[in-house]
Amino acid sequence: MNALRSDSPLTQPGDALAAIDMGSNSFRLEIAQLHRGQYKRQLYLKKTVRLGAGLDGDCMLTPEAMQRGLDCLAGFAQHLHDFPAARVRAVATQTLREARNRNAFLALAQKTLGHGIEVISGREEARLIFAGVARLQPSERPRLVIDIGGRSTEMILGLGRKPLKAESFQIGSVSLSLRYFPDGRFTPEAFRAAQVAAGAELEEALNLFARQYSQPVWQEALGSSGTVGAVSQLLAASGVTDGSITPEALRWCIERCLAAGHMDALDLPGLKDDRRAVVGGGLCILYTLLTQFQIERLQPAKGALRQGVVFDLAERLQASQGELSRGRDMRDQSVAALQLRFGVDTEQAQRVQDLALQLHQQLAPKAERERQRELAWAAKLHEIGMMVSHHDHHRHSAYLLAHVDAPGFSQNQLHRLGDLALGQRGGLRKLEQELQDESLLWQLLALRLALIKCHARQPVDAQTMRLQREGDRVSVRMAEGWAQAHPRALYLLNEELEAWRKLGRLQLSLQA
């Protein structure tokens, strides 16, 4: 059954935050308030969508799967009418990381939901899962947190609120069930084959998590979200355990599956109908993890991805409002780490950032705060490709930004930063399609002009360059006498005018 659950009716949004988790098996909406460190859920909705089961052999989402997702998001949208964009965050996981036609689906999905949707990396998903668990179930003991989703499994080793190691593996209850129990039949051969496949995928995790640290690695093991919750409930309802998951209890579950022979004949108290099709794969992954990692007891966790998204969203809002003493946007920390990692000239990056932001304010005074922050991050990281090669460093920067794991960033936003890095110099035809987005257009123009002004890598007087915009006409006004004193920069500005003329996207003129 596609259950919709709510803890309490939602009154007014107020300062509430909304998180949407678009998982491979289920979509979830959580609306909550944070007050003095206390988490208060206002609304929780869950619908089994089976998006992951809708990936065909070419990794394309089928029309039927896309429609199930859109129908669910339309229902969620009814609860988000009064929410500003800054208080809603929707994240998509493994299925949309894999789907080759994800952009087509996302365009429809964002229109249906009325809010942007971020495709997050596996490591970012793991980080957010741990954030939810660590905040709702605090502990200072070293812990291993496991989340078995529809098409991926996340594992996080952490202490307190800090994840020490976070990884994602491309195996989940939906994908394993589709491969080894496609017709719903349970056989000893299918269970053995599924466990071997799970073990092969998770063998790398054994090296990463168990052999890298001195023993004991963790003092408690917790399982988050759907698969663990479903197995915990059926074990408790059947009187096998108190809800704890043990290797012995999992063997009992597998034996019951084999006795039933088919998922439709499986009669276990606490097993919901929407879990029948994926229970075989989920049990195989769980049993492999517990035996391979010698986990004697796995306890269900209170937190999950959606709560982690809420906490992370709250920190983003605090950081954007300058409340750094109360919270800090993880993306700022990631940018600083990338600058250090790739040996960025931070003085030059700061000059470019300061000027680009001033110019952007003149071009788009009503731009969203998030667009300003993106431009600042792009300026800070536009030269990371220098670590690869000075020649065509903008292309190296774009590639690195589009493919790096950077905590806090979605894949969508990293690709946007990559587009800005790619467009920082040279011709503009390479971004002709992307620049149909007007917000990206003004970001890129501000960045390119700032780079020209700062090309000598020396302190600059920002007041010597002013922009005046009327629609798609932009005039670059330089201070009197500037052109004669800076012939090289004047040459670069004239080259810039020619680049935009060839693109035909806007009319750029110079008054010097």
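Guide: Start with two terms. A cavity is a set of grid points where a 1.4 Å probe fits but cannot get out, and a residue lines the cavity if it has an atom within 4 Å of a point. Keep in mind that this is a predicted model.

Visitor: What makes Thr 227 and Leu 283 lining residues of the second largest cavity?

Guide: Lining takes an atom within 4 Å of a cavity point. Thr 227 and Leu 283 are listed in the lining, so each meets that limit. Also in the list are Ala 230, Val 231, Leu 234, Leu 271, Arg 275, Val 278, Val 279 and Gly 282. The volume of this cavity is about 50 Å³.

Visitor: Which elements give two or more residues to that lining?

Guide: They are H7 and helix H9, which spans 279–292. H7 gives the most, with four residues.

Visitor: How many cavities of 30 Å³ or more does the search find?

Guide: The search of the whole structure finds two.

Visitor: Why is the pair Arg 316 and Glu 118 called a salt bridge?

Guide: A salt bridge needs a side-chain nitrogen of Lys or Arg within 4 Å of a carboxyl oxygen of Asp or Glu. Here the closest N and O atoms are 3.7 Å apart, so the pair qualifies. Arg 316 sits in helix H10 and Glu 118 in strand S5, 198 residues apart. The structure holds 32 salt bridges.

Visitor: Are Arg 316 and Glu 118 buried or exposed?

Guide: Buried means under 20% relative accessible area. Arg 316 has 9%, so it is buried. Glu 118 has 16%, so it is buried too. Shared partners join Arg 316 and Glu 118 with Arg 89, Glu 124, Arg 127 and Asp 312 in one network of salt bridges.

Visitor: What does the salt bridge between Arg 457 and Glu 383 tie together?

Guide: The closest N and O atoms are 2.9 Å apart. Arg 457 lies in the loop between H16 and S11, and Glu 383 in the loop between H13 and H14, so the pair ties together parts 74 residues apart in sequence.

Visitor: Why is Arg 457 called partly exposed?

Guide: Partly exposed covers the range between buried, under 20%, and exposed, over 50%. Arg 457 has 32%, so it falls in that range. Glu 383 has 9%, so it counts as buried.

Visitor: What makes the contact between Gln 137 and Lys 302 a polar one?

Guide: A polar contact needs N or O atoms within 3.5 Å, one able to donate a hydrogen and the other to accept it. The backbone nitrogen of Lys 302 lies 2.8 Å from a polar side-chain atom of Gln 137, so the distance is within the limit. Gln 137 is found in the loop between helix H4 and S6.

How values were computed: Residues are numbered from 1 along each chain as its sequence is written. This is a predicted model: local features need pLDDT of at least 70, side-chain atom pairs count only at pLDDT 80 or more; totals for chains, interfaces and linings use all residues. Side-chain values use heavy atoms; hydrogens and water are left out. On a 1 Å grid over the protein atoms alone, a cavity is a set of points where a 1.4 Å probe fits but cannot get out, and a pocket is an open set with protein on both sides within 12 Å along at least five of seven lines; lining residues have an atom within 4 Å of a point. Grid points are joined across faces, edges and corners, and a volume is the space filled by probe spheres set on the points. Buried means under 20% relative accessible area, exposed over 50%, partly exposed in between (1.4 Å probe, protein chains only).
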